[in-house]
Structure formats: structure tokens, C-alpha cells
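Please open the model in your viewer and keep the selection panel at hand. The stops below are meant to be followed in order.

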Amino acid sequence: MSAVEKATEIVHKLVSHGHQAYFAGGWVRDFLMGLPSEDIDIATSAEPPEILDLFPETILVGLAFGVVLVNRGEHQFEVATFRRDEGIKDGRRPESVSFSTAQEDAQRRDFTINGMFFDPLKREVLDFVHGRQDLERGIIRAIGDPQVRFFEDRLRMIRAFRFAARFGFVIEQATQEAIEENAAYLFPSVAQERIWQELSKMVAYPRFDLAVVDMHRLMILKEIFPELAHLHLQDLRHRVAPFSHFPKQTPTLLYLAQLLEGLELEEKITAAKRISAPNREIRLMEHMHGLFPLLKQPLKRDVKTIYLLAHSGTDLGVKIFTAMLNPGEREQFLGAVHQFFLDNQGHIDRAKEKRSL
């Protein structure tokens with residue numbers, strides 16, 4: 001049984017006991033866009049004790065906020081009571097919630113494209129925030145007053161760029177203005193690890209380069225990387241231009257290292273640690289920092305070059321460096337690399353063996 005079928009069973013059980021229940025949020029957006037998804041959240045008028053009575057296979061994750069996880073085999077579904085958030089003070093979470101209606105629940109969500117519901121029994125979309133219209137027009141728009149939405153959760157400012165990067169949508173003007181006005185308040189409300197998580201998702205999307213440019217234009221990139229505060233927008237566009245040619249497996253930190261081009265290695269490491277980048281990616285960045293200067297010149301047949309090229313991340317490094325070259329340089333460079341490996345295969349194999357000891 002698919003995730004949709006199992007989630008529909010949960011909705012049916014809730015409805016058969018006199019409650020309203022719908023699929024909510026991102027799944028509805030993806031469904032309308034024809035994108036497959038098994039990440040289904042359910043919103044309901046049932047309150048937590050009623051949900052617990054109906055579904056014994058439940059994990060309590062946020063009972064005070066009306067949120068439980070219902071297990072169905074290998075699938076888990078977040079089932080949340082319709083609510084209204086109250087008393088936001090820290091830009092992260094409400095002080096309390098009160099249970100409400102589907103219409104009010106929609107109003108507390110972040111963006112219109114994420115604020116719709118779907119009734120899987122009637123096969124109907126419930127749209128109280130004009131999300132379907134914005135989805136068709138390709139617009140990221142905060143629900144209601146964007147100032148209020150970003151005051152409730154500062155991370156939503158970063159999420160706006162992530163959705164823009166993923167779908168190729170445009171951030172609506174009032175939402176842009178609110179991001180620019182609130183950018184300086186990103187920290188300390190948002191934990192640095194959350195920034196890393198958002199960026200790690202964003203780099204996988206085809207328009208990450210454009211999202212970074214917009215983040216800089218709207219003054220939020222410098223909050224994450226103060227090192228870029230005085231970088232001209234045109235210079236940033238030049239730095240992100242190779243992103244679309246980076247290999248798909250490129251780790252997040254190597255994109256960010258390109259953003260921080262020109263800094264000393266220790267400065268890059270400081271920036272990486274500040275946003276809680278994993279140590280394995282920091283070590284790879286250190287390797288690339290030593291490798292790239294060698295790739296910028298005709299390949300030398302010396303021990304240092306061979307040692308660096310024997311590293312497990314070398315193929316990736318060569319591909320990333322190649323992405324930074326113009327077409328004419330690219331063909332010549334790849335020919336030189338190929339010849340270097342042919343001429344030095346024995347030395348390279350010995351260096352790899354030495355590394356594995």
C-alpha cells in the first residue's frame with residue numbers, strides 16, 4: 001500500500017468519527033505540480049487526545065502544539081490539530097497555541113503555495129490563501145503580512161530562497177521588501193545549523209546560483225557570511241556562474257568555498273565551522289584549497305602534485321575546476337590531466353596505497 005493510500009486511511013478514520021481531516025502543506029503543492037511525494041502531513045479538527053484514542057501506534061512529538069506522529073508500517077505521518085499560534089517573541093516558536101479551524105490554520109503557514117489543503121476522500125483542493133493562483137503564476141508570496149510571517153519564524157526568509165531555487169519561482173515584491181527589512185534579525189533567532197540544512201537542500205536545485213544572488217541583493221547573505229558584506233553584486237554573479245556546471249555530487253561546502261573565493265584557508269574554515277559544516281566536508285575543502293593552485297598551472301610531475309591528485313576527492317576537484325574554465329581552456333586542461341595520469345599512474349597508485357595505510 002502506498003503512502004497516499006495509508007494517509008487516506010487515516011483521514012477516512014478521522015472523518016468517520018466526526019472530524020475534518022485533510023492532507024496539508026508541501027504535499028498539496030507538489031501534487032498540483034505533478035511532482036511525486038510521500039511526505040504527507042495531515043491537518044485535522046481532532047484534538048490530540050482524540051487522535052491518540054483513534055491511533056494507538058502514535059509517537060508524541062509536540063503534544064502541546066497538537067502534533068503527533070501516526071505509524072503505518074514503514075511510513076510515519078504527522079497529524080496536527082488545526083491551530084492558531086500566539087505570543088511569538090523569539091522569532092522561532094509560539095509561546096502557546098489555541099486549536100482553531102482549517103481557515104485559521106492556513107493563515108499561520110509560511111507561503112501561499114504551502115498553505116493549501118487537499119481532501120483525499122472528495123479529491124478536492126481547499127485553498128483559503130490563493131495558493132493555487134500563485135503556484136500557476138510561479139510566485140513565492142508570504143501568507144498575509146510578510147512582516148508578521150517573518151517575525152513568527154525568521155528561518156522563513158531563507159526558505160523563500162530555497163523554494164525559488166527549487167521551482168524557478170519569483171519572490172513577490174512585498175515579501176522581498178520584508179526580507180530586506182528583517183535580514184539583520186536572522187540571528188540569533190535562527191540556529192546556524194538550520195542555515196546549513198537549508199543551504200544543503202538548496203545546492204541540489206538548478207537555480208541555486210540565482211538564489212544566492214538574490215540573497216545578496218536582499219541583504220541576507222552578508223548576515224550568514226559577513227566576509228561577503230562588501231562584495232559587489234556583479235562580482236558575486238561571476239563567482240556563482242560555474243555552479244550550474246558543478247557535478248551533481250558536489251558537497252555543499254565546495255559551493256560555499258567558491259563563494260568565499262580569495263579568502264585564506266583559515267578564514268574559509270572559520271566560516272564553515274560557524275554554520276556547522278561537517279568535518280568531512282571541511283577536510284575536503286582543505287584538500288581542494290591545496291589542489292586548485294596546482295591545477296591552475298601546467299601539471300607538474302612532482303611528489304606534492306601526485307600526492308594531492310591521489311586523494312579520493314581528486315576526480316571531483318578536477319570536475320569542479322573544469323567547470324570554472326571557458327570551453328577552449330576546458331578541452332586543453334582535460335587533455336593535460338588525462339596525459340598526467342597516463343604518465344604517472346605508478347606514482348599515483350603508490351600514493352594511494354600510502355594514504356590507505
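Begin by selecting glutamate 152 and arginine 156, which form a salt bridge whose closest N and O atoms are 2.9 Å apart in what is a predicted model. Glutamate 152 has a relative accessible area of 14% and is therefore buried, and arginine 156, at 10% relative accessibility, likewise counts as buried.

Next, select aspartate 105 together with arginine 108, whose side chains meet in a salt bridge with an N to O distance of 3.0 Å. Aspartate 105 is buried, with a relative accessible area of 1%, and arginine 108 is buried as well, its relative accessible area being 14%.

Now move to arginine 141 and aspartate 134, where the side chains meet in a salt bridge at 2.8 Å, N to O. Here aspartate 134 counts as buried at 2% relative accessibility, whereas arginine 141, with a relative accessible area of 25%, is partly exposed.

To see a linked arrangement, select Arg29, Asp30 and Arg166, which are joined in a network of salt bridges; the structure holds 16 salt bridges.

Finally, go to threonine 250, in the loop between α12 (233-240) and α13 (252-259). Is this residue, threonine 250, buried or exposed? Its relative accessible area is 6%, so threonine 250 is buried, the cut-off for that term being under 20%. Display the polar atoms of the threonine 250 side chain, and you will find one of them 2.7 Å from the backbone oxygen of proline 247.

Conventions:
Residues numbered from 1 in each chain as written. Predicted model: local features only at pLDDT ≥ 70, side-chain atom pairs only at ≥ 80, totals over all residues. Heavy atoms only, no water. Helix = DSSP H or I, 4+ residues; strand = E, 2+ residues; numbered from the N terminus. Buried < 20%, exposed > 50% of the residue type's maximum accessible area, 1.4 Å probe, protein only. Polar contact = N/O pair within 3.5 Å; in protein donor to acceptor, adjacent residues only side chain to side chain. Salt bridge = Lys/Arg side-chain N within 4 Å of Asp/Glu carboxyl O.
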